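Reader: Could you walk me through a few local features of this one, going slowly and starting wherever you like?

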Amino acid sequence: VFPGSVNAAGQMATLGVMGGGQLGRMFVHAAQRLGYLTAVLDPDAQSPAGLVSHHHIQTDYNDPAGLSQLSDLCQAITTEFENVPAQALQTLAQARPVAPGAAVVGIAQNRIEEKAHFAACADVSGVTCAPYAVIETQAQLQAVQDERPDLLPGILKTARLGYDGKGQVRVKNAAELAAAWAELGGVACVLEKMLPLTAECSVLVARGWDGQVVSFAPQRNVHVDGILAVTHAYEGNMPTALATRACDAAVAIAHHLGYVGMLCVEFFVVDDGSEHGGLVVNEMAPRPHNSGHYTLNACDVSQFDLQVHAMAGLPLPQPRQHSPAIMLNLLGDVWFDANGQPREPDWQAVLRLPGTHLHLYGKVQARTGRKMGHLTITGPDVASVKTVARRTADLLH
Ligand code: ADP
Ligand code: MG
C-alpha cells in the first residue's frame, strides 16, 4: 500500500486501526505524516485516536457493519488495543491484510497460551518464563495447593483482560490463594512464582510480511503499583550481555510466531546469583508499547513509524537512537494535589527545562491511574537527561 496513492475510485490510500486509545492516536499521527488517510474503529465518541483521524467508525468492535465499513475504507488494518476480539480481526482478514493477525493477537490475549508459546520456543529464544501453574478448575486449585508449594509466595493473574497490574493478586500461602481465586471470580488464571526482580526491561521488534526484522535496543522500565512509571533508554541502562540476550530472545519470539507488525516483549531481570542476573520473559504486547514512546523523540524512526511500515509492506528501516532519553508517564494523579483537589500541572516550568517533550493524549477527564500523556526528556548526554528528568519529576509531584 503506497502512501499517497489514489485508486480508480479516486480514494487515497487509507490505513485502519482497531481501537482508539493513545497508541492508536500516535499511530494515526505517524500514518498521516507519510501521506496516508486513517480510519479508527472505536465505540467511544471522544477516543484519543478518533479525535485526530480522517474517519472514526463509532461502533462496537464486533459490529459487522462497522467492520465492513473499516475494510471497505482501508487497504490494511492494524490494532492498538490487545483486547480487540480476535474474531473481529479474523473477519477483517477475509477482506484485507491485517497485521498482527488474529492468531497471534489471540495468543497474546491469553496468559496461558502466551506462556505455552514462550515455552515452545525456549530452545531458540534462550529464555523461559517464571515457574507457573494453570488454575481453571477447583481441582487444579486443590492440586496447586497440595503439590506446588514452590510457587508461593506468588502472583495469581487472570488469563485474560489483565493490564497495568489489574486482574492480579499477590498471595503468600495456600489459603490466600484460594481466597484470591474466589475474589477474581473463579475465572481461568495462572499462578506465577514471585521472583526477586532486580530490574525490568522490554524490547520492541518490528517484523514485515517478508520476515525482515528490525529492533530497538532494550529499554529499562520502572513500574509503580503495576503501572509503567519511567523508561530509561540510553546506552548503559543495563548490562550489555543482558541487553543482547533480551534483544535476541525478542527477535526469536517474533520469528517463531510468524509475527507481522510491532511487537513488544517484556522481560524480568532476576537475581539468580550470576554476575548480571538471569533473564525471564514476562509477557508480550501485539502492538506498540508505552515503554517505546521515547522513540518518537529520541530515534530517527519511531515504533509507530515501524508499525505503519510493517502493515503497509514498506521497507523496515533499522532505527537509530540519536539521543539518550528518559520517559515519564503522566497519570491522572498529576492533575490532583496532595489533598485530592484538581490542579493544572505547571507546564510552563516543565517546558522551560531543556529537552522536555510533552505528549498529551486528548483525554478530557483526569482520573487516578489513567494514562493522560507522557513526557520524554532528551539531551546531549545521560547525565544531563537524568538531571532534567529529576527536576521534571519534582515539578510534577
Ligand atoms: P500487566 O499485564 O498488568 O502488565 P504483568 O504480568 O506485566 O501484568 O505484571 C505487572 C507488574 O507486576 C510487572 O511489571 C512486575 O513489576 C510485577 N510482576 C509481575 N509478575 C511478577 C513475578 N512473577 N514476580 C515479581 N514481580 C512480578
Ligand atoms: Mg506487563
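Author: Gladly, and please keep in mind throughout that this is a predicted model. I would begin with His117, which touches Ile107, Ile253, His256, Leu257 and Met284 when residues up to four places away in sequence are not counted.

Reader: Okay, and where is the place of His117?

Author: His117 sits in helix H5, the element that covers residues 111–120.

Reader: Is His117 buried or exposed?

Author: His117 has a relative accessible area of 10%, and because buried means under 20%, this residue counts as buried.

Reader: Switching to the metal, which are the protein donors of the magnesium ion, ligand 2?

Author: The magnesium ion (ligand 2) has Glu266 and Glu283 as its protein donors, each through OE, and they lie 1.9 to 2.7 Å from the ion.

Reader: And which strands do Glu266 and Glu283 lie in?

Author: Glu266 belongs to strand S13 (residues 261–270) and Glu283 to strand S14 (residues 278–285), so the pair ties together parts that are 17 residues apart in sequence.

Reader: Are Glu266 and Glu283 buried or exposed?

Author: Glu266 is buried, and Glu283 is buried as well.

Reader: Now some helix packing: at what angle do H7 and H8 pack?

Author: Helix H7 (residues 138–147) packs against helix H8 (residues 174–183) at an angle of about 160°, and their axes are 10 Å apart. Because angles over 145 degrees count as roughly antiparallel, that is how H7 runs relative to H8.

Reader: Which residues make the contact there?

Author: From H7 the contact uses Gln138, Leu141, Val144 and Gln145, while H8 brings Ala174, Ala175, Leu177, Ala178 and Trp181.

Reader: What about H2 and H3, how do their axes cross?

Author: The axes of helix H2 (residues 64–73) and helix H3 (residues 86–93) come within 10 Å and cross at roughly 45°, and H2 and H3 are therefore described as oblique to each other.

Reader: Is the crossing of H2 and H3 left-handed or right-handed?

Author: The crossing of H2 and H3 is right-handed, and the crossing of H7 and H8 is right-handed too.

Reader: Last one: which residues meet between H2 and H3?

Author: Leu67, Leu70 and Ser71 on the H2 side meet Ala88, Thr91 and Leu92 on the H3 side. The residues of this contact of H2 with H3 comprise four nonpolar and two polar, and no charged.

Key:
Residues are numbered from 1 along each chain as its sequence is written. Chains are lettered from A and ligands numbered from 1 in the order in which they are written. This is a predicted model: local features need pLDDT of at least 70, side-chain atom pairs count only at pLDDT 80 or more; totals for chains, interfaces and linings use all residues. Side-chain values use heavy atoms; hydrogens and water are left out. Axes are lines fitted to C-alpha atoms, for helices over the stretch in contact, and angles run from 0 to 180 degrees between N-to-C directions. Helices (H or I, at least four residues) and strands (E, at least two) are DSSP runs, numbered from the N terminus. Angles under 35 degrees count as roughly parallel, over 145 as roughly antiparallel, 65 to 115 as roughly perpendicular and the rest as oblique. A crossing is left-handed if the near helix is turned anticlockwise from the far one by less than a right angle, and right-handed if clockwise. Contact means heavy atoms within 4.5 Å. Donors are N, O and S atoms within 2.8 Å of the metal (3.2 Å for Na, K and Ca); water is not among the atoms, so sites may look incomplete. Buried means under 20% relative accessible area, exposed over 50%, partly exposed in between (1.4 Å probe, protein chains only). Ala, Val, Leu, Ile, Met, Phe, Trp, Tyr, Cys and Pro count as nonpolar, Asp, Glu, Lys and Arg as charged, and the others, Gly among them, as polar.
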